[in-house]
Each structure stands twice: as C-alpha cells, then as structure tokens.
Amino acid sequence: MSALLSVQGLTAGYGGVPIIEDIDLDVAEHEIAVIIGPNGAGKSTLLKTVFALTSRISGSVKFIDRDITALKTAQLVPLGISAVPQSRNVFPTLSVDENLDVGTYAAPPGDKQAVRETVLELFPDLKDKLDQPAGELSGGQRQMVAMGRALMSEPKLLLLDEPTAGLSPAYLEIIFDLLLDIRKRGVTILMVEQNAKQALRIADTGHVLVSGKNFVSGTGEALLADDAVRRSFLGGAAT
Amino acid sequence: MIDFINLYLVPGLTIGSVYALGAVGISMIFGILRFAHFAHGDLMTIGAYGVLTAVWFIPLHPLLLLPFGMALAIVAALAVDQFFYKPLRKLPTIYTVIASFGVALIFRSLAQLFWSSGNQVFIPGVRPPLVLFDTFRISALHAQAIILTVVIAVALHFFLTRSKLGRAMRAVSDEPELAAVAGLDTERVVRWTWVIGAALAATAGVFAGMDTSMHPNLGWNLLLAMFAAAVLGGIGKPMGAIAGGLIIGIAEETATYTWLSDEPLISPSYKSAVAFFIMVALLLFRPQGLFKGRLL
Amino acid sequence: MELTGLFFYLVSVLIAGGIYAVLCLALNVQWGMGGLFNAGIAGFFAVGAYASAIVTTAVSERHLGGFDLPIPFGLAAAMLVAGVTGWAVAKICVRLKSDYLAMASVGIAEILRLVIVNESWLTNGSLGISGVPRPFGDMVRGREADLLYLAMVWLCVLCVYILCQRLYVSPWGRTLRAIRDNEDSARAAGKDVDWFRLQTFVIGCAIMGLAGGLSAHYFKFLSPSATEPLLVTFLVWVMLMAGGSGNNRGAIIGALAIWLLWSATEIFTNRLPPEWITRSSYIRMLFVGLLLQFVLQRFRSGLIPEKSPEIRSD
C-alpha cells in the first residue's frame, strides 16, 4: 500500500533560515502518526510546512500520489487535508455552530448536514453549546470545536498540532480516545505531541525529530521499547 | 420637549445615520485589514459626487441614483486597495495608515479637480418638513436617512450571521490566520469588505451632501466622528458601529441643548469636539467599545 | 533683473523649505525616534504661530495682547505654548496604540482649529492677526530682509538639528528607539514607557510651535484659512518618509527635496492652459499623494536611511 502522505528531503523554515532539514516521512492510510521530540526540534514547523504555512526551501510533499509541494493552504483543504493549530484554533466570537459551518466553506461539495451529524456524534458535548460563542468555552471544549471544524471539510488527512496542550489529564484521555474514534471513521491523523508516552501508545507510527532532523521512525510500540528513545525523550526506563 | 425632539433628537439621529453607515466600513476594514482607514471620509465624498453627477444627467431623485455613487466608490476602493494598500500588507499596519492618509488627499484632490472646490446642491429649493401629530416635524430627507439606515442595519445583521460570505468575514476578522488554515480565500473576503464598506460610504455621503451641500471636504470633516463611532461600537463589530454612529450623532446634537441653563451645554461651534472626547475616553477606559470589539 | 528675480524666488523657497525642515525634524523626534503617529502637525504649528504673533504684535483690541515684546520672546512663547498644549494632549493620548493615536491626533488638530476660529478674543477669529513683526524690520526692508530672514530660519534649523542629533545619540534617545522597536521588552527592562513617550511628544510639539512662530514672522499675517492644515501635515509626512525617518539629516534633506519639488511643480502648473490653472493646486496635491505611495512602496528607507538596524515589531 502506498503512503497517503509522503514527505521527501523536506527543508523549510522562516525567512530563508531552515528549521527542519532533509526530512523523510511517510504516513500510511488510516493510521495515527505521531511526531515527538524535544522543544525546538521543529515538530510544529514540519506540520506547518506540510500545510504550506512556512516557506519551503527544498524537498517534496506528495498526497495520494499527487505532488502538492507548490500548492497553497487554500488549495489543500479541498483536496482533503485539514489542520488544527495549537493555539488560537477557534473563531472566538463566532458561535460553535458557525465555527463548524466555516469548516465547510473550502470543502469539496457534499452533504454538509450529514457531516455535521457525524461531527456532533463524535463531540456530543458540543450539542447543547451550539449557539454559544466559541471563545466562552473551556479549553477542552475549544479543542473539540477546533477538531470539529477541521473535520467538517471531510478530510482524509487531519494535521493536529499538540491537541492536548494546556489541557487537564482527564481531557487528555478524552482527546486521545476521540482520535481513535476519528481514525475508525477513516481519517488518517498526523499529529505533534508533547505527551510522548501516551501518544505513542495510541500511535501506529512515531517519528522522533531532533534539531530539525528525523532521528528515528518506527511503530509506536517499537519506539516505546527503544532504549535510546526512552532515555532521551520519554523520561526514563520502560514501564 | 417637542422642540428637543424636533430640533435635537431627529437631527442627531440623521447625522448619526450618516456616521453609522460610514463607521460600518471603518469598523469592518479595521477588523479584517487591521488598520484605521483614513481615506474613508473621502471615499464617501467620491461616492456622493458620483450620485451628484448622475443627477445632472438623469432626472430622478438622488436616492434612486445611489447605485451610480456606490459603483464609483466601489471601483475607487478596490483600485486603491489593489495599488496602494495591498503592496503594504506584510508591513506593520501603520504604513497602511500613512498610505490611506495619502489616499485621502488623492481622493480629495480628484474631487476638486473633476467636480469643483465650491458648494453644490443635489436638489435646489427648500422642501417643507412633514408634520405628524400636529407638532412632530421631520424633513423627508431625515426620515429617509433614518429609515434606510435601519433597513441596512437589519440587512447587514442577516448578511453577517446567515450568509456564507458574512460568516467568512467575521471569521477573518476574528482570527485571520485560522481563517487561512480553514482554507478561506482571505483576499476574496477583503474585496467584499471593500465593496460593502464603499457602498455604505457612498450612501452616507449622499445623505450628508443632501442634508447640507456637496463640497470636497464633506467626508474628511465626518471622519473623526466615524472613527469615534467605530471605536464606540467595538472594532470589527459592524452592528456595534451602527449603534456607535447613532449614539455619537445624538450626543453631538443634544450636547448643544440647553440642559442646565438657558445657554447650550456646549457651544454648537464645538460640536465636533464631542466625538473626540467620547472616543478618547473610550480608548482609555474601555478600548473594546460597548460591544466587545477587538483590541489592537 | 530676470536673474535677481529668480534668486529671490529661490530665497523665498528656501525660507519656507527651512520652516518645513524644522517641522520635519520635529516629526522625526515623534515618529522617527518615538514611533508616535501625529496627524495633527498643523495644529501645533498654528498654536506656535498664534502664540508668537500675540506676544510680539503691538497692543490690539481685536485679539489677546499684543504684548509688543521682542521676537525671541515670541519664538520662546511659541515653543512653550505648543509644548504645553502637546503636554496636555500627551497626558491623555500618549498611552494609545499606534492607529488609535493617529485617530486621536486628527481630533486634536480639529479642536485646535475650532479654538482658533471660535475664540476671537484670543485670535481675532477668522479675520486673523496682521502686523506681525519681522526681525530687524525697522532696519532692513524688502528683499534684503528676506535674505536676513533666510539666515535666521536656517540658524534655527541648525540649532534644532544639533538638539535632535544630541537627543538621538543620548542614552535618552537610545531608550526611546528601544521603546519604538520593542515596547514590551523596554517595559520589561523597567523603562517608564509612557513617561518617555510624553517627553518625546512634548519636545516634538514645541519644535512644531517654533516652526509656526517662524512662519508667522515671515508672512507677517496669519488667519485660520491662511494654510490648508491637512496639506501642511501631509507634506511634512511625505518629507520625512522620503528623507528617511529616524535620521535627522534625512529629515532636513527630505524637507528640502520635497519642498523644491513642490515649488517646481508650481512653475510647471503655471504653464498649463488657463482653464486648468485654477485647478493647478489640486493637480499638485494629487501628485504629492501619489509620490507618498511611491515612497512607501519602493523607497521606504528614504534618501538617508537610519543607520542603526531597524527592527520594528509593532
């Protein structure tokens, strides 16, 4: 099976200064792929580069065998890629319902109502908050609105930048369960996570990024078992 | 009491309607492009002259010829955005503020060049006011201005909350980066912002020009009050700007009423200072305005 | 005759150019060093002009004073009154962020104009103040007086330049630029940002007042309609942007260059067909408006750019 997303020799950064260098990375269909690594390793930059939000210097990005290296963000959404930024990821003065609606604007044509039903099934908590401005919700609920908005365009690939940042441990569990649920519905997930250990437990593959370079890739289980990875990035011995 | 309504409240609502329609554009542009558009008053002037020119050729009521003024203002706004503002988008917004200051001068000199630097009127002659309930007097123009503003406010509300484009505008105003991530075409939103802002500016300009007379400084003289209205309503809140405009208009007019003694509370010649003080007080003590607008 | 005529035309251009250079230096203190947007330059200019005129004219029933004092007192009063006005304004407005300050400054200019037009006990209203003396007016007359005045104006330019240059390189100036470039880190470093801004605004306004005084004594007459306030303010902005904001020499060069250009367009527009002559000033305004757009897009650092690296983060 060929990869859904295939990144080859990608170098990118801001203002011509490279932050990630020569990254190779494949994401297979229907998997959860997690990018972990220390602060400043360029994890978010990699995600943003896939989504055409930074300036690419060299390398290529393929999505379902199509070269999308030169495409802009607005062109990627209709192709089936959505993203949720780490912060400021909802429209605060728009109601929850409107936030979800905005998610459909760049989507390929389809049954919006059915998608909305599905999204609300995934996030039942949002059902009685539909008319509230998203800015008034709690952090965890905002994250749900953000993910819901991203799912409204019926993506094949969902990019998540630290979906659990700033959330309580209880919410962390909820979000991770949701990710498994989302994958079950046929959406592939590529995400950056600080809570490496928990993330690798639900992940099919993991990629460890160090100083802008791809240090090691493997299945989630393999990385959890890897001594070097555990010592350096997972904080201690295996449990 | 009836004098207060006829001579202060109704004129206040009328000029307030002008401010409201102008301030909507200022507030939307501030929300979406994040700069104070100093040429907005002069955009009103251009739109009003468009209607004035149409009146010379087509013997219809000026308000029926509004589309001509709107079209001219829209073309002017889209042109200056394309040539003068867009190239500066990536710089700190204060450069765009400076550019818009220059555009104000360009609009004004064009108005002086193509029309005239003197006063002109839309319809010559004096029309008697309508009299209702024996004592309530309102001129037809004032009634038209107030009614049309209410209609526009309602239409704008539905546009912003129900239509795809309106919601996209609010989304870009809320979080421009997230709007781009969601795949919205921000440049299209920007274009429509100018179209709506310019059309309403032309409408406001015609009312202002019909209420007094047409001259090239017409719009610039209203700019301060419209800024105040936009700040009062909360930056990026078009409906707030309408409320803000009406409040500023009423405040300016009623501030000259004989509240405390036989003397006007504020001399009519200092009327335009009222808007300034309301604006500064708000910026200092409640910069988000009455309706929770954005902060710079 | 032709040549002397041209010479004295040039003298008049240079006098006005010098006055604009003072204004431009003042704006450079506020915007170039302090990052404070002031769209009310003409207001402080007018305050200075009226202050100097009232102090130096002969006693009159039509307006306050005059106090018939020597011209240096007039210029000092111009700076003082404009500075105090600036202080009152800054006290309220200086905390406002860039665009808000810009909006407020339009209002300030409008209020100053209203005061000048309406308070006729102070300013003789729209009729204006006449008989403003020229320095050494009883000794030299006519064209020689213009030459003398030219020297005086440029002496003022030199003094203001030296003052601004001192300010720029002083620790005070460094702090100011630090605030301009990154307000938050300057605040974090314990600088009283508002106090620095207030000082900057007041110094700039005082210098604008000086320019106003110089102009009053040059034209010997002033009234609310004598100058188009928006045009003065606007020209000064174009001058500073073209000359290089943040650089004092750039401010002077920019003022001279734009003023020469402005004056040259007058020669050009005078050759237009008669039906266009009456509209020539509008064509010139249009031209300056377009010139600003060009400068902003293609020539942002100006003729003499500021030397220290410019990192804006506003």
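**Exercise 1. The contact of chain B with chain A**

How many residue pairs are in polar contact between chain B and chain A? Describe also the salt bridges and the make-up of this interface in the predicted model.

*Solution.* 

Step 1. Counting pairs with both residues at pLDDT 80 or more, there are four residue pairs in polar contact between chain B and chain A.

Step 2. Identify the elements on the side of chain B that touches chain A. Those giving two or more residues are α6 (164-174) and α7 (176-181) of chain B. Of the elements, α6(B) gives the most, with six residues.

Step 3. Sort the residues of that side by class. The side of chain B that touches chain A holds eight nonpolar, three polar and seven charged residues.

Step 4. Look for salt bridges, for which the cut-off is a side-chain nitrogen of Lys or Arg within 4 Å of a carboxyl oxygen of Asp or Glu. The rule finds four across the interface of chain B and chain A. One of them joins the side chains of B:R167 and A:E98, at 3.7 Å from N to O.

Step 5. State the extent of the interface. Chain B contributes 18 residues and chain A 21 residues to the contact. Together the two chains bury about 1800 Å², with 60% of it on carbon and sulfur atoms.

**Exercise 2. The contact of chain B with chain C**

Which of the two pairs of chains in contact shares the most contacts? Characterise the interface of that pair.

*Solution.* 

Step 1. Chains B and C share the most contacts of the two pairs. Chain A and chain C are joined by no contact, and their closest C-alpha atoms lie 15 Å apart.

Step 2. Take the residue counts and the area. In this interface, 47 residues of chain B are in contact with 46 residues of chain C. The buried area is about 4300 Å², and carbon and sulfur atoms give 76% of it. On the side of chain B, the residues that lose the most area to chain C are B:F101, B:L105 and B:L113, together 16% of what that side buries.

Step 3. Assign the side of chain B to its elements. Two or more residues come from each of α3 (66-85), α4 (93-114), α9 (220-233) and α11 (271-285) of chain B. The largest share, 16 residues, comes from α4(B). By class, the side of chain B that touches chain C has 37 nonpolar, seven polar and three charged residues.

**Exercise 3. The sheet of chain A**

In what order do the six strands of the open sheet in chain A lie?

*Solution.* 

Step 1. The strand order is β6-β7-β8-β3-β9-β10 in chain A, with mixed pairing. At the edges are β6 (81-84) and β10 (213-219) of chain A, each of which pairs on one side only. From one strand to the next, the twist averages 15 degrees.

Step 2. Consider one pair of strands. Strands β7 (residues 157-161) and β8 (residues 188-192) of chain A run parallel and are joined by five bridges. A:D161 has A:V192 in β8(A) as its bridge partner.

Methods
Residues numbered from 1 in each chain as written. Chains lettered and ligands numbered in written order. Predicted model: local features only at pLDDT ≥ 70, side-chain atom pairs only at ≥ 80, totals over all residues. Heavy atoms only, no water. Contact = heavy atoms within 4.5 Å. Buried area = accessible area lost by both parts, 1.4 Å probe. Polar contact = N/O pair within 3.5 Å; in protein donor to acceptor, adjacent residues only side chain to side chain. Helix = DSSP H or I, 4+ residues; strand = E, 2+ residues; numbered from the N terminus. Nonpolar A, V, L, I, M, F, W, Y, C, P; charged D, E, K, R; others polar. Pairing = 2+ DSSP bridges. Axes fitted to C-alpha atoms, helices over the stretch in contact; angles between N-to-C directions.
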